[in-house]
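Work through the exercises below with the model in view. Try each task before you read its solution.

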Amino acid sequence: GQGVFTLSLPLKRAAGTMAEDKITSVLILGASGGFGTLFSQVLAKDGVQVRGISRKGTPRADATFSDYLSADPCNPNEEVLERVRNASVIIACVPPGPCIKALEALAPHMAAGALFTDVLSVKTQICEAYMGLKDKFPHVQLMSLHPMFAPADPAGWRGKNNAGNGITGGP
């Protein structure tokens, strides 16, 4: 399909890595919130498998996840790690503290070339954390994004601005 949001940003494409292939599986952390729901809707329309994880029990009724798990990504169990290993992109729709803790817990289990990104408004803390972690997890691509609109906007992504800050390109 022809989606209105494309995750083919300037990602490195290295042979034998997750980044070599088309993005087919996205894992959303904080899936029960507004941006998690919006990502599920937009990406699922484009044929991407969208899986959700949230510490809250259930997704919103308008979310379109292929599956949803109530779990803590900062303290991952095997069900969380299985989803992490199979995701080409992880989108963290959580506050800064949990975002950094989730990255530290999940990055060792991410496939080579997979992308970890966030949608935080304030970039200082998360970008500093990414800079400090990029050498520890060189197999993971890190990018900080910020949609410049509210997730409840009925127009979705179409015609909206997004800010991005690439930290590292992975392998």
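Phenylalanine 116 and tyrosine 130 are both buried (under 20% relative accessible area, with over 50% exposed and partly exposed in between; 1.4 Å probe, protein chains only). Keep this pair in mind for Exercise 1.

This is a predicted model, where local features need pLDDT of at least 70, side-chain atom pairs count only at pLDDT 80 or more, and totals for chains, interfaces and linings use all residues. Residues are numbered from 1 along each chain as its sequence is written, and side-chain values use heavy atoms, leaving out hydrogens and water.

**Exercise 1. Find how many aromatic pairs the structure has, and classify them.**

Step 1. Apply the rule. Rings of Phe, Tyr and Trp (its six-membered ring) pair if their centres lie within 6.5 Å; planes under 30 degrees apart are stacked, over 60 edge-to-face, and the rest tilted.

Step 2. Search the whole structure. Two pairs turn up.

Step 3. Take phenylalanine 65 and tyrosine 68. Their ring centres are 5.9 Å apart and their planes lie at 55 degrees, so this pair is tilted. Both residues are buried.

Step 4. Take phenylalanine 116 and tyrosine 130. Here the centres are 6.4 Å apart and the planes at 90 degrees, so the pair is edge-to-face.

Step 5. Helices (H or I, at least four residues) and strands (E, at least two) are DSSP runs, numbered from the N terminus. Phenylalanine 116 sits in strand 5 (residues 115-118) and tyrosine 130 in helix 4, so the pair ties together parts 14 residues apart in sequence.

**Exercise 2. Decide which residues of helix 4 are buried, and how they are arranged.**

Step 1. List them. In helix 4 (residues 124-133), Ile126, Cys127, Ala129, Tyr130 and Leu133 are buried.

Step 2. Look down the axis. The buried residues fall within an arc of 155 degrees (taken from the directions from the helix axis to the C-beta atoms), so they line one face.

Step 3. Check the face turned away from the buried side. Exposed Thr124, Glu128 and Gly132 are found there.

**Exercise 3. Count the disulfides, and explain the result for cysteine 74.**

Step 1. Recall the rule: a disulfide is a pair of cysteine sulfur atoms within 2.5 Å. The count is zero.

Step 2. Cysteine 74 is partly exposed, at 23% relative accessible area.

Step 3. Cysteine 93 is buried, at 17%.
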